[in-house]
Amino acid sequence: MRAIKRTVSVLLTLMLVLGMVTIAIGTASAAGTYKINVTSNIGKSTSKDYNASTEKVTITFNIKAANLIGTRGLITYDQNVLELADTTATKIFPNLTAGLVANTTKTDGRIPFSAYSLNGFEFNTAKTYVKLTFNVKSCTKDTTVNLDILDLIGSSTIPNKDETDEINYIHNGTIIDASAFTASVAETVTPEVVDEDPFIQSETLALEGEIGMNFYLYNAPTGYTASNIKIAFTGPGTDYNKTVSLTSLPQRTRDGVTVRRYSYFVAPSDMTKTITLKFYNGSTLVETYTTCIADWVDKNISKFETSTPKGALMMKTMLNYGAAAQVFFNSNTGNLANKNSSYALTKINASQISVPSGLDVAPKISGCGLSFTQSTAALEAGTDLRIKCSITDATKASAATVTCDGKTLPSSSDSTKKVFTLKSIAASYLDTVYTFKFSNGAQYKQSIMNLCKTTLQSNSNNEQVVNLVSAIYWYNQAANDYFGE
């Protein structure tokens, strides 16, 4: 568990959930199949599917232009997705080697280049202008490789005699004479993406007690024997990092197809961290798939804006909560969960949180061998409400119990204290008042939202606390609206 800030150690340890209620927020997906788009300022484009098994993508841009003597341009790409397999400039620009200047080692995803030769370049017939080969580093989103041809210069004489013989086909990115050149672009991915992933049928948000993903896997993966398939799940959710056999997972029918399900949960501060699935046929790795909570929401939320607007709002407030938790716990703050969301977090004050009277009144539990100390919201592994007591009589304390809604709560103890825990309170129940009954008949009432209110009252000038409690509040409100609570 990460270190928590002293000012809110009574309340905040981390993790808000939407638990105890089943919610299916999801869409059928092609199991991480995305697009590598190739664009240019002269209108030539192409697009190919790629997925987690794709190793390389090769892009070839051909040009035909008579008496070409000079050119200048800029290539841009996302270095988080792609990396140049070979940075040798003469291989990238095989027909522009004379007078070539190109920076292929920049760290910002740009390749500026230029070439000029009085003797001209042989493009009287279509030749390779640019050939790029990238290794695929990650597969979590659509990506684009763009070529801007800023200058394309011809000459009325070869070799060129002086500037008066120069003819601008393209100048500073503006096409002067479109009839002077023709262009084409081709793209290939290796290995080719098949139409349907053999393993992953779909994935959805898993908001059934914590924040995570439900992975629905084909019960009978095409081309494989199901009993031979094992899946290794890795990521920030330590408790869910396991290697399991496909046939050991619970079975159900989804969209008329028999599937197996695995749910993977993360802390809100980990919504932007990668979850990886590795599929093994026996001991042979046959597919790797990666995703993360925030990217899934970014990719799919538009589908819910019209069909399920309350669900879309809950996702937006969830992202705000994740971002607030990241800042508070200083976790992966360069990649905030709500970075692509325009839904701003509205800050609240303690007076906006409405709670009934009679909460947090210390129970008289000396008959249980205990003395009430405090209650806290432990948010590190589900929204847990903990009741902490000091032990005054070890014999009586060992037999002491607490029930809530007719269920006996789990407890832990040492020589000086005993703690009772109500685990994984759902987001729509964060404002619910729970009654805890001790074995001597004493009762104690508390809610997560009351603890939030108390903490906000004590830390109203702490911006990070205000943001975190505000995010929890609005997430609870959105969940109540969605579920009709």
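Mentor: A salt bridge here means a side-chain nitrogen of Lys or Arg within 4 Å of a carboxyl oxygen of Asp or Glu. We're looking at a predicted model: local features need pLDDT of at least 70, side-chain atom pairs count only at pLDDT 80 or more, and totals for chains, interfaces and linings use all residues. Numbering starts from 1 along each chain as its sequence is written, and side-chain values use heavy atoms, with hydrogens and water left out.

Trainee: In the salt bridge of Lys-417 with Asp-414, how far apart are the closest N and O atoms?

Mentor: Lys-417 is partly exposed at 40% relative accessible area (buried is under 20%, exposed over 50%, partly exposed in between; 1.4 Å probe, protein chains only). Asp-414 is partly exposed too, at 36%. Their closest N and O atoms sit apart by 2.7 Å.

Trainee: How many residues apart in sequence are the parts that Asp-151 and Arg-72 tie together?

Mentor: Their side chains meet in a salt bridge, 2.7 Å from N to O. Asp-151 is in strand E10 and Arg-72 in strand E5 (residues 68-76); strands are DSSP runs of E, at least two residues, numbered from the N terminus. So the pair links parts whose separation in sequence, in residues, is 79.

Trainee: Which residue in E10 is the bridge partner of Val-38?

Mentor: Val-38 belongs to strand E2 (residues 34-40), on the face whose side chains are buried. E2 and E10 (residues 143-155) run parallel, joined by 5 bridges; pairing takes at least two DSSP bridges between strands. In E10, Val-38's partner is Val-145.

Conventions: Helix = DSSP H or I, 4+ residues; strand = E, 2+ residues; numbered from the N terminus.
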